[in-house]
Amino acid sequence: MIKEEHFCNKCILPDGFLGIHLNSDHLCNICADPTYKTINYSRTKISPERRTEAFNDWNAVVKDMQKNHRRRNYDCILGYSGGKDSTALLDHLVNELGLTALAVTSDTGFMTDIAKDNMKDTLKQIQVDHILIEDSISTFTKLYKYHFLHHNSNEAFLARYICDYCSDLIHSIVVKEAIRRDIPYVLFGYSPDQTFRYFYEMPQEEVMKKWKPDLLDSPFFDDNDAKWYLNDEEIEGGNLPRVLLPYHVISYREQEIIELVESKSYIKKGHADPLLTNCNVVHAATFYDFNRYGGILYAYQYAELVRLNPESRKKWLRTLKMSAPLILENNFKRREVNNFLEQIDVTQEEMLEHIEKQLSEDPNRESIKQNIEMFRKRKRKQAISVI
Ligand SMILES: [Zn+2]
């Protein structure tokens, strides 16, 4: 039975959620202490000074690209996904700043048909060179498979890491293209709310040292996988591009971006919806996480939305209660999740078996199981009342 007192009075996080416990006032750690951090969630605050500094830097970078425009084949590389943000950034670079960009797409094996259509439509109208890298798909597949069968943490959601590992690989592939062609800037169209790891620039220290994961040493992987990450020669060659996220500092309004890409027919009407290009890897990780931890990564974000707008608490709590049993039973995005598991060659039973083993060794297993049962029981009760 879902009891109201099981949830934080102010947001919607339940007691026993990863890293979260309610105090005697029924407040969760984050509501009680705004500086509270967990491995899964922390607020990123960017000071106005840092913002201004980054904005000035971007203007200097644009000047530098324009000044050297004729001396280089390409002024910059754009990591191009076919989504609305990278599409709009491509338009900005080419049509507003007059730059020559090389668009580079790294296919993870899970690119949607909509994203591919978007690219075709856009590249008919924006004359830029485009590289589509598909040979790395098998490495992405292995990377996902490894994590779904080996994720081993009592503290961190699978969804917390899977995106990092996947984007580190995408970023590496794009940066390698820049090094190969001696292109000084690599740009990605991350939106202003995507600042969990990086604000405006991915530091070179991280590009060099953090992106290549230790797990590549596992016999699960081989040289064919390692080759997509930066090698010592590239790291020591002194030829690393700067990796920048312009939308963190220049004007970004989601509605304007949608209108722009639709009005210029880069993206068909309705196809700019991020839900359509959303990643199936994340849907599958969410299914994993709910069964393993009794919660999902997104709940931290919903909870933050509630803190910003207390009136929305009821709505988000209802969303959580309604979606939880669906996610638990793999009835939410079922087809996408099943397709994903099939493509990485992992059966649902194998995955659940791994989860069961991990859960049985987790010191918090009792409260996790309680949360899972709480959300599951509601479904049973409904089923009975229907009968
Ligand atoms: Zn709270």
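User: What domains does the chain have?
Analyst: The domain assignment gives domain 1 (4-38 + 279-386) and domain 2 (48-275); such bounds come from an automatic or database domain assignment. This is a predicted model: local features need pLDDT of at least 70, side-chain atom pairs count only at pLDDT 80 or more, and totals for chains, interfaces and linings use all residues. Residues are numbered from 1 along each chain as its sequence is written.
User: How many residues of each domain are in contact?
Analyst: 23 residues of domain 1 are in contact with 17 residues of domain 2, where contact is C-beta atoms, placed from the backbone, within 7 Å.
User: Which helix gives the most on the domain 1 side?
Analyst: α12, with eight residues. Both α12 (280-293) and α16 (348-360) supply at least two residues there. Helices (H or I, at least four residues) and strands (E, at least two) are DSSP runs, numbered from the N terminus.
User: Changing topic, where is Tyr200, and what is its phi near?
Analyst: Tyr200 sits in the loop between β4 (185-188) and β5 (201-202). Its phi is near 65°, a positive value in a residue other than glycine.
User: Is Tyr200 buried or exposed?
Analyst: Tyr200 is buried, with 22 other C-beta atoms within 10 Å. The cut-offs are 20 or more for buried, 12 or fewer for exposed, and partly exposed in between, with C-beta atoms placed from the backbone.
User: And what about Lys333?
Analyst: Lys333 also has a positive phi, about 55°, although it is not a glycine. Lys333 counts as partly exposed, with 19 C-beta neighbours inside 10 Å.

Technical notes: Contact = placed C-beta atoms within 7 Å.
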